[in-house]
Amino acid sequence: MDKSDIETIEIDLFVEAMARRHGYDFRHYAKASLRRRVAGMLDALGCTTVAEMLPLILHQPELLPSILSNLSVPVTEMFRDPPVFKALRTEVIPVLATYPRLNIWQAGCATGEEAYSLAILLAETGLLERSQIYATDINDAALAKAEEGIYPAEIITKYAESHRLAGGSLDLQSYFSMAYGFGKIDPAIRAHVSFAHHNLVADGVFCEVNMIVCRNVMIYFDTLLQNRVLDLFGQSLVRNGFLCLGSRENVAFAAAGRQFATVNKILRIYKKTGGEA
Amino acid sequence: MTHHPLEVVVIGCSAGGIEALHTLLPALPPDFPLPVVVVIHLSSGAPTLLPQVLQTGCTLPVIEAEERQPLRPGCIHVAAPDYHLLIEPDHTFALSADAKVNNSRPAIDLTFISAAEVWGAGVLAILLTGASADGARGMQAVKARGGICIVQDPATAQAPAMPAAAIATGVADHIAKLDEITGIVVSLCCISDR
């Protein structure tokens, strides 16, 4: 048995410890990514093996937030994949515009960039005033950053190009108040985004929504968990509600995917049909 | 000495990689018995027609590696742009949108390491032309578990940095020109151990 075989055992023990000590169930996460992330936090915790992390998980609950934030590495940007936001603008927004009130759920929001991108899209299409975006994540450290809505100026400049490619009408900087090399999101945008802790593995429906945006979250789950999440999305969406996934994700592998019809195959936009799962 | 049968071929390349793959992949015979996984760096925003581009001249089918899809013998699976490509213990693909590694997504290191974790000594890893040091760590992981490492001779590579970085780690079993590499691959996978 070599080091890699031993690490496989250690990862199993890690998952067991997280579930039984803290109630966070990673059993149905895709194994390869989970292993990478667990191994990736060794340095930060001053450990050389995953086994050395186990006493910390069991006996130092104050480390939980940092462990969780390492496990759900927040990688997000504003207007990532501009064609998707352009398609939302042209294919989805006209339908959303027929609702007198709009609830939108962005699941797996990390540090908030995508939630604010959606809010800006709604502002530019005249729908923001009637909209509420619920942006959720299990990573409290990321949520705290998202709540602040403060991003480095050079990153905002980088996002501005994506925003333009997504069909944005104003300069992206105009949605931020810029100072000291940072930009803070406009309070008028911020007011329509609520950030909250929600765990797709364990938590249930919290409101009825017209659109769910959940991009590059389910790729980290196994088929069983994908099925659970798609069921949860189906229960949360109004009939004909939209579901927007990451550019290489699809609903075909899970039985619960049958309740969704394709709106835009290339850009992975779906809608809930009347049928049951 | 017993030889572990090879179970998968993983190929990594960057700058100059498409040309190199156009030499390497068509040389694989139609009855090639193993799945082949190709990771190539592309500038983000590049068209995603890579499988079609690489299909030219190949007898084996070339398809994009999709999440949850099982690896198929005799099939060339190409990593999707802007996602890391990993392999699950049940021999299906998993994608990751985690941060870039070696300034790249997909990163060759991650696919090679993941293959080594799943197949151990059953991995045949090939590193071709490229301008970064991506792949060197992955080759070390493959070697550490008993897999076989083939590196393109930097003198014959359009961009020598990547093969040179891997060779510097001392893990190369073979350092060869492209046409020699195909000969080695075919003899390792199609004749000896099987």
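This is a predicted model: local features need pLDDT of at least 70, side-chain atom pairs count only at pLDDT 80 or more; totals for chains, interfaces and linings use all residues.
**Note on the two-chain model**

1. If residues up to four places away in sequence are left aside, B:Asp98 touches A:Arg36, A:Arg37, A:Val75 and A:Tyr220 in the partner chain, together with B:His84 and B:Arg105 in its own chain.

2. Where does B:Asp98 lie in chain B? It belongs to the loop between strand E6 (93-96) and helix H3. Is B:Asp98 buried or exposed? With a relative accessible area of 4%, B:Asp98 is buried, because the cut-off for that word is under 20%. The C-alpha atom of B:Asp98 is 9.6 Å from that of B:Asp82, a residue 16 places away along the chain.

3. Turning to the interface as a whole, 27 residues of chain A are in contact with 25 residues of chain B. The area buried between the two chains is about 2,200 Å², and carbon and sulfur atoms give 43% of it. Three residues, A:Arg36, A:Ile219 and A:Arg248, supply 31% of the area that chain A buries against chain B, which is more than any other three residues supply.

4. The polar side of this interface can be counted as well: there are 7 salt bridges between chain A and chain B, and 17 residue pairs are in polar contact, with both residues at pLDDT 80 or more. On the side of chain A that touches chain B, the elements giving two or more residues are helix H1 (3-22), helix H2 (31-40) and helix H11 (223-236). H2(A) gives the most, with 6 residues. By type, the residues on this side of chain A divide into 8 nonpolar, 8 polar and 11 charged.

5. Most residues other than glycine have a negative phi, and most peptide bonds are trans. In this loop, B:Asn103 has a positive phi near 60° although it is not a glycine, and at 69% relative accessibility B:Asn103 counts as exposed. B:Pro106 is found in this loop too, and a cis peptide bond, with omega about 10°, joins B:Arg105 to B:Pro106.

6. A:Phe79 is placed in the loop between helix H5 (64-71) and helix H6 (82-96) of chain A. A:Phe79 is buried, with a relative accessible area of 1%.

7. Finally, helix H4 of chain B, which covers residues 136-144, has as its buried residues B:Ala136, B:Gly138, B:Met139 and B:Val142. Why do they lie on the same side of H4(B)? They do so because they cover an arc of only 160° around the axis. An α-helix has 3.6 residues a turn, so residues three or four places apart point the same way. The buried residues of H4(B) pack against helix H3 (108-119), strand E7 (123-127), strand E8 (148-152) and helix H5 (161-168) of chain B. Just after H4(B), B:Gly146 takes a positive phi of about 95°.

Key:
Residues are numbered from 1 along each chain as its sequence is written. Chains are lettered from A and ligands numbered from 1 in the order in which they are written. Side-chain values use heavy atoms; hydrogens and water are left out. Contact means heavy atoms within 4.5 Å. Buried area is the accessible area (1.4 Å probe) that two parts lose on being put together, summed over both. A salt bridge is a side-chain nitrogen of Lys or Arg within 4 Å of a carboxyl oxygen of Asp or Glu. A polar contact is a pair of N or O atoms within 3.5 Å; within protein, one must be able to donate a hydrogen and the other to accept it, and residues adjacent in sequence count only if both atoms are side-chain atoms. Helices (H or I, at least four residues) and strands (E, at least two) are DSSP runs, numbered from the N terminus. Ala, Val, Leu, Ile, Met, Phe, Trp, Tyr, Cys and Pro count as nonpolar, Asp, Glu, Lys and Arg as charged, and the others, Gly among them, as polar. Buried means under 20% relative accessible area, exposed over 50%, partly exposed in between (1.4 Å probe, protein chains only). The arc is that of the directions from the helix axis to the C-beta atoms.
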